[in-house]
Amino acid sequence: MLQLRLGSTTDLGFLEEMLFEAFFWDTSMKRPLFASIRGTAEFSKLLAGWERQGDRAMIGEESGTRIGAAWFRFWTPEFHSYGFVDVDTPEIAMAVGQDYRSKGVGRRLLDALVETARADGLPALSLSVSPLNFARQLYESAGFRKVGESGTSWTLLLSLSPLGCAPTEPPNDLSFLSRSRAMDAPLVLSRDKKLG
């Protein structure tokens, strides 16, 4: 039976494994070795300094074995991942182990993470997904909508505004979504978010 719990620093290694799964979601493609990707700047920066202010994770377990995870983090225009929209909107990443996919685990993880974001009073959540990724249907069924493109991936946004309030609008200028931005730029703090 699936059980969900909040993630902590002790789950960092597992989050790295799930990030690898998210990177290499297409099982028809040959995967590199985890060790060869883990140390790359593009990969390692996405979880660097885990549990900084605003970091949240949900871990899915079955019989004490971790089988999936969903998490979000805040980014800045100078230091961000592919689904960045603005400094007030954290970006989601998630993955489920190959043997546990298409069994409702991703849905439960996503729903729990969205509820966590609502409880935190966040206005919206964003993410990056390939339009070919089967998980895109899950995100769209949860209310995520396309607001931009970054290379070959789509940037999706979910407004968490209460009913009767204006939905969160994406910024007018989405040019920062280009993958050509320096993804390894030094961390620069913006507004009141503490990222380090």
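**Notes on a predicted model: rings, cores and salt bridges**

1. Let's start with the aromatics: Phe20, Phe23, Phe24, Phe34 and Phe43 are linked by ring pairs into a cluster. Keep in mind throughout that this is a predicted model.

2. Now the overall layout. The protein chain has five helices and seven strands. If you walk along the sequence, they come in the order β-α-α-α-β-β-β-α-β-α-β-β. Of the 196 residues in the protein chain, 46% are buried. Take the contacts between residues at least 6 apart in sequence: 65% of them join residues at least 24 apart.

3. Back to the rings for a moment. If centres within 6.5 Å make a pair, the count comes to eight aromatic pairs. Trp75 and Phe79 have ring centres 5.5 Å apart and planes at 45 degrees, so this pair is tilted. Trp75 and Phe79 are both buried. Tyr139 and Phe144 make an edge-to-face pair, with 6.0 Å from centre to centre and 65 degrees between the planes. Both of these residues, Tyr139 and Phe144, are buried too.

4. Two rings also have a lysine over them. The charged end of Lys45 sits over the ring of Trp75, 5.6 Å from the ring's centre. Lys146, in turn, lies over the face of Trp154, and here the distance to the ring centre is 4.3 Å.

5. What does the largest nonpolar core look like, and which of its residues touch the most other members? It has 28 residues, and the ones with the most contacts to other members are Ile92, Leu110, Leu125, Tyr139 and Phe144. Two or more residues each come from β3 (65-73), β4 (91-96), α4 (105-119), β5 (124-129), α5 (135-141) and β7 (153-159). Helix α4 gives the largest share, seven residues. As background, nonpolar side chains in soluble globular proteins tend to be buried together.

6. Leaving out residues up to four places away in sequence, Ile92 touches Trp71, Phe72, Leu110, Leu113, Leu125, Ser126, Leu127 and Phe144. There is also a second, separate core of 20 residues, and among its members are Leu19, Phe43, Leu46 and Trp50.

7. Which residues of α1 are buried? They are Phe14, Leu15, Glu16, Met18, Leu19, Phe20 and Glu21. The buried residues of α1 pack against α2 (34-38), α3 (41-44), β2 (56-62), β3 and β4.

8. On to charges. Side chains of opposite charge can pair when their charged atoms come close. Searching the whole structure turns up 13 salt bridges. In one of them Arg38 pairs with Glu16, with the closest N and O atoms 2.7 Å apart. Arg38 belongs to helix α2 and Glu16 to helix α1, so this pair ties together parts that are 22 residues apart in sequence. Are the two partners buried or exposed? Arg38 has 41% relative accessibility and therefore counts as partly exposed, while Glu16, at 15%, counts as buried.

9. Another salt bridge joins Arg73 and Asp55, at 3.0 Å from N to O. It links distant parts of the chain: Arg73 is in strand β3, Asp55 is in the loop between α3 and β2, and 18 residues separate them. Arg73 is buried, with a relative accessible area of 1%. Asp55 is buried as well, with a relative accessible area of 8%.

10. Finally, Lys146 again. Besides lying over the face of Trp154, Lys146 meets Glu149 in a salt bridge, 2.6 Å from N to O. Glu149 is partly exposed, with a relative accessible area of 46%, and Lys146 is partly exposed with 41%. Elsewhere, salt bridges with shared partners join Arg5, Asp11, Glu61 and Arg66 into one network.

Technical notes
Residues numbered from 1 in each chain as written. Predicted model: local features only at pLDDT ≥ 70, side-chain atom pairs only at ≥ 80, totals over all residues. Heavy atoms only, no water. Phe/Tyr/Trp six-rings, centres within 6.5 Å; stacked < 30°, edge-to-face > 60°. Buried < 20%, exposed > 50% of the residue type's maximum accessible area, 1.4 Å probe, protein only. Lys NZ or Arg CZ within 6 Å of the ring centre and 35° of its normal. Core = buried A, V, L, I, M, F, W, Y, C linked by side-chain atoms within 4.5 Å. Helix = DSSP H or I, 4+ residues; strand = E, 2+ residues; numbered from the N terminus. Contact = heavy atoms within 4.5 Å. Salt bridge = Lys/Arg side-chain N within 4 Å of Asp/Glu carboxyl O.
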